[in-house]
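Please open the model in your viewer and keep a selection tool at hand. The stops below proceed from the whole chain to single residues.

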Amino acid sequence: MYNEDDLVMISALQHLAFCKRQCALIHLEQQWAENRFTVLGEILHEKVHKFESDTRADCITARSLRLVSYELGLTGQADVVEFYRCKPEKSGIKIPGKKGKWLPFPVEYKKGKPKTDNIDRVQLCAQAICLEEQLVWPIQSGALFYGDKRRRQQVNFDGVLRLETIQLAKKLHDLISSGKTPAPNYSNKCKSCSLYNICNPKLSSLIKQKKYEEILFAEDE
Ligand code: SF4
């Protein structure tokens with residue numbers, strides 16, 4: 001169980017999956033501190049009064065909910081959590097000011113199209129685990145909405161996805177608690193890395209390998 005000082009942003013999972021060094025630069029060295037270190041918000045119960053409601057009687061759409069899991073040591077913000085009204089005989093959670101019982105369903109909006117890896121599903125699963133802890137209610141599924149496709153992709157939070165999420169969160173905390181930023185490892189993905197100029201992966205790799213002649217040559221180019 002983590003405490004409040006240990007909490008890391010859920011988005012760090014994406015950074016870690018992309019590159020350990022990028023993750024450490026952002027979340028350990030706080031290169032983007034002003035954007036990344038949003039303090040833990042109140043738990044959902046305290047925020048429930050601020051829900052925006054849509055016109056549908058059977059669905060409440062809540063936006064920008066603060067999320068936290070002390071089990072995973074993660075915090076963040078949900079794009080959207082929909083709460084669907086249960087049938088009277090079914091069980092669900094109670095929402096202050098609303099009649100009946102409701103089932104939470106997290107939805108994460110993503111630019112572009114679905115990725116080939118699993119990281120978007122892992123991030124959504126981390127959000128679901130946060131909500132489960134906050135609401136004390138199991139969540140079976142959620143959805144990813146991709147801008148290019150303009151449609152939802154349902155994600156089931158099965159045991160395999162949950163395990164992957166827990167393991168990645170553990171790796172994230174191992175990296176943060178090590179206090180060490182890994183050395184760069186230049187690869188194709190560096191070309192799309194937003195921290196390229198801060199990281200300077202080619203130069204850093206050469207320094208690591210003590211290839212001083214190539215460094216001088218690179219500087220003359
Ligand atoms: S430039 Fe490459 S090595 Fe450096 S942080 Fe980005 S992805 Fe990682």
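Of the 221 residues of the protein chain, 42% count as buried, where buried means under 20% relative accessible area, exposed over 50% and partly exposed in between, with a 1.4 Å probe and protein chains only. This is a predicted model, in which local features need pLDDT of at least 70 and side-chain atom pairs count only at pLDDT 80 or more, while totals for chains, interfaces and linings use all residues. Residues are numbered from 1 along each chain as its sequence is written, and side-chain values use heavy atoms, with hydrogens and water left out.

Colour the chain by secondary structure next: there are nine helices and six strands, taken as DSSP runs (H or I of at least four residues for helices, E of at least two for strands) and numbered from the N terminus. Among contacts between residues at least 6 apart in sequence, 60% join residues at least 24 apart, a contact being heavy atoms within 4.5 Å.

Select helix H5, residues 119–135. Its 17 residues should span 24 Å at 1.5 Å a residue, and this agrees with the end C-alpha atoms, which are 24 Å apart; the expected span is 1.5 Å times one less than the number of residues. Most of H5 is covered, with 15 of its 17 residues buried.

Step just past H5 to Val-136, where phi is positive at about 55 degrees although the residue is not a glycine. Most residues other than glycine have a negative phi. Val-136 belongs to the loop between H5 and strand E5 (141–146), and it counts as exposed because its relative accessibility is 67%.

A second residue of this kind is Gln-30, a residue other than glycine whose phi is positive, near 55 degrees. Look for Gln-30 in the loop between helix H2 (20–27) and helix H3 (33–36), where it is partly exposed with a relative accessible area of 40%.

Now display helix H1 (residues 11–18) together with helix H6 (residues 159–178), whose axes come within 10 Å and cross at roughly 80 degrees. Axes here are lines fitted to C-alpha atoms, for helices over the stretch in contact, and angles run from 0 to 180 degrees between N-to-C directions. To see the contact, show Ala-12, Leu-13 and Leu-16 of H1 with Leu-168, Ala-169, Lys-171, Leu-172 and Leu-175 of H6.

Stay on H6 and pick Leu-161, which is buried with a relative accessible area of 6%. Leaving aside neighbours within four places in sequence, Leu-161 is in contact with residues including Asn-118, Arg-121, Val-122 and Cys-125.

The last stop is Lys-110 in strand E4 (residues 102–110). Is Lys-110 buried or exposed? Its relative accessible area is 14%, so Lys-110 is buried. The side chains of Lys-110 and Gln-123 are joined by a polar contact of 3.0 Å, meaning a pair of N or O atoms within 3.5 Å; within protein, one must be able to donate a hydrogen and the other to accept it, and residues adjacent in sequence count only if both atoms are side-chain atoms. Beyond neighbours within four places in sequence, the contacts of Lys-110 also include Gln-14, Asp-120 and Tyr-146.
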